[in-house]
Amino acid sequence: MKRRLLARGGLWLWVWAVLAFLFGPIITIVIFSFDRSNIETLPIRSWTLSWYQVAWHDEQVRQAFVLSIKAACAATVLALLLGSLAAFGVHRARFFGRDTVSLLLVLPIALPGIITGVALNSTFQWAGISLSIWTIIIGHTTFCIVVVYNNVVARLRRTSATLFEASADLGASTSQTFRFVTLPLIATALVSGGLLAFALSFDEVIVTTFTAGAQNTLPIWIFGAIRLGQQLPEVNVVVTAVVVLMLIPIIIAARLTGRDTFSASSTRAPTN
Amino acid sequence: MSQSAVEVREVVKRFGDNVVVNGVSLDILTGEFFTMLGPSGSGKTTLLRMIAGFEAPDAGSIFLQGEDVTARPAHLRPVNTVFQDYALFPHMDVVANVEYGLRVRKVARKERRERAQRALDMVQLKGLESRRPAQLSGGQRQRVALARAIVNEPAVLLLDEPLGALDLKLRQEMQVELKAIQRRVGITFIYVTHDQEEAMAMSDRIAIMNGGVIEQIGAPRDVYEHPATPFVARFIGTSNILDRGGKRWSLRPERLRLSLVDAPPTGDDRAPGQIQDVVYLGMMTRYIVHLDSGADLVVVRTNEGSDALSARHAPGDRVMVSWHERDAVVMDHALI
């Protein structure tokens, strides 16, 4: 009995240690965002919200934030479209070189960002495309497609092909089957793939460096601000805001997938 | 104009170099319970899938109610399928599953509900309307799949080994029920199975398939009593195949009798041999008799109380195997 209690206590300690390891740095940043001093030392002598005011009125931060959101949204939408279409194509069709195509689709995420960045940069220059938000979006879409594709293709593989046959058999046209069967079945895969794509795009630095023109995305601004070292408190504020904002899609995703898990685990199979 | 629900004309299907269905022709009558029986790889499921419209034949044509539907996609054919894995939509509850065919055909909500209720009644699933497929037992899922197909009142219902996943007792119950439902709704059933007992129990007619061709079509009694080929004789029940007088004969084990070798002749055909093995099976006893002519025969005798003989034979005994002339069936194309 005693040993079991001890073991349980040890386990709890371990869990908290891992959580501290994971979230300690983030909590540190949040705490320091309320520190009046711009030199980060403990204990904090004076608390303030003034850095929030500074960040809120900082035109650079605002522009960077808006650009990041725009780019992430556009890249996510493009990735959802192209990624799921590619997944349908590879899953349905039987054509020569299908496995190669599948590998090529996944490759961008394995490539170091710097290679993607340099390659895109030279291509844009060669084609005479000036760097803008659109080049950022194209750059981000290359790796965002992969997560959507992977999610959807995995879901389709786990879905029995007879479901689509059953739908056609019951009189549904191809578009009805897509609307009533395919889409609901891959919906959670699309949501989680889309959220992942959004997150990937939102915090991307390397590819963005090579594809952004004069504009800064938020991560690039943070990167620059840290290097200069003058705006550390403001960086803390921005990071805190981003963490809070990111909680929203994560909670939505957890709710969505949570509902799935619930209906699967609440299975009471009565015998007849 | 025609009485046929389904006509299959010279249909061929290949997968790569593999000829799965090799020039099959069939006529299935309206209201019939028709079974395609065969081992796996015999082409029965592929033939069913071609009737449903999931596969296109490489040659030949398929008619439904006299209309050529060979080139028509699955969703425009007046047939419905009960799939082997049931293929219930996991994101819909039972009612939504059953209503699906009516919903995509734009049937009004009220009529949809009524028809779905009637179908669920028929398969005895009342009260489970709002369950998800994952919350149902195998037998219940099977019933939902059946209701989902029947609710559309198709001209032909296709069933692809629908009882394969159920345990024996439930399977036997469902056989009786399926047959009763078929009689009640009067829909033509085309049933695919590899289980000959199932086929015998339910079918009006059975087509026995092997290697992509039909070996024989007939009522259960016909194919059992008069197997056309050695394959049919062996696949439907058990049979002794005997070569005599340049012909191949089929002899059912239960039609053979054993007597002492010195018993007086009875006018029946007979052959002497030696008992090799005796297997007591409760309801009956199975004897393996090695004939002097070289062949082995399986003989089955029911263990009736009055049958003192059954207790007397033991391995090594000399016996006479005899049978009525009419119980020896010559098979048509005796392939040696």
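Domain 1 of chain B and domain 2 of chain B bury an area of about 430 Å² between them, and carbon and sulfur atoms give 36% of it. Buried area here is the accessible area (1.4 Å probe) that two parts lose on being put together, summed over both. On the side of domain 1 of chain B, the residues that lose the most area to domain 2 of chain B are Y224(B), E225(B) and P227(B), together 88% of what that side buries. The structure is a predicted model, in which local features need pLDDT of at least 70 and side-chain atom pairs count only at pLDDT 80 or more, while totals for chains, interfaces and linings use all residues. Residues are numbered from 1 along each chain as its sequence is written, chains are lettered from A and ligands numbered from 1 in the order in which they are written, and side-chain values use heavy atoms, with hydrogens and water left out.

The domain assignment of chain B gives domain 1 as 4-231 and domain 2 as 251-261 + 268-330; such bounds come from an automatic or database domain assignment. The C-alpha centres of the two domains lie 40 Å apart. Five residues from domain 1 of chain B and four residues from domain 2 of chain B take part in the contact, where contact means heavy atoms within 4.5 Å.

## Charged residues

Between domain 1 of chain B and domain 2 of chain B there is one salt bridge. A salt bridge is a side-chain nitrogen of Lys or Arg within 4 Å of a carboxyl oxygen of Asp or Glu. E225(B) and R255(B) meet in a salt bridge at 3.0 Å, N to O. The charged end of R252(B) sits over the ring of Y224(B), 3.9 Å from its centre; this requires NZ of Lys or CZ of Arg within 6 Å of the ring centre and within 35 degrees of the ring normal.

Over all chains the count comes to 21 salt bridges. One of these joins E173(B) and K169(B), with the closest N and O atoms 3.8 Å apart. The two residues are four apart in helix α5 (residues 168-185) of chain B, and so are separated by about one helical turn. Helices (H or I, at least four residues) and strands (E, at least two) are DSSP runs, numbered from the N terminus. E173(B) is partly exposed at 42% relative accessible area, and K169(B) is exposed at 60%. Buried means under 20% relative accessible area, exposed over 50%, and partly exposed in between (1.4 Å probe, protein chains only). Salt bridges that share partners join E225(B), E254(B), R255(B) and D327(B) into one network.

## Aromatic pairs

The whole structure holds nine aromatic pairs over all chains. Rings of Phe, Tyr and Trp (its six-membered ring) pair if their centres lie within 6.5 Å; planes under 30 degrees apart count as stacked, over 60 as edge-to-face and the rest as tilted. The ring centres of F88(A) and F178(A) are 5.7 Å apart and their planes are at 75 degrees, so this pair is edge-to-face. F88(A) lies in helix α3 (residues 59-92) of chain A and F178(A) in helix α8 (residues 174-202) of chain A, so the pair ties together parts that are 90 residues apart in sequence. F88(A) is buried at 17% relative accessible area, whereas F178(A) is partly exposed at 36%.

In chain B, F33(B) and F189(B) form a tilted pair, 5.4 Å centre to centre and with 45 degrees between the planes. Both F33(B) and F189(B) are buried.
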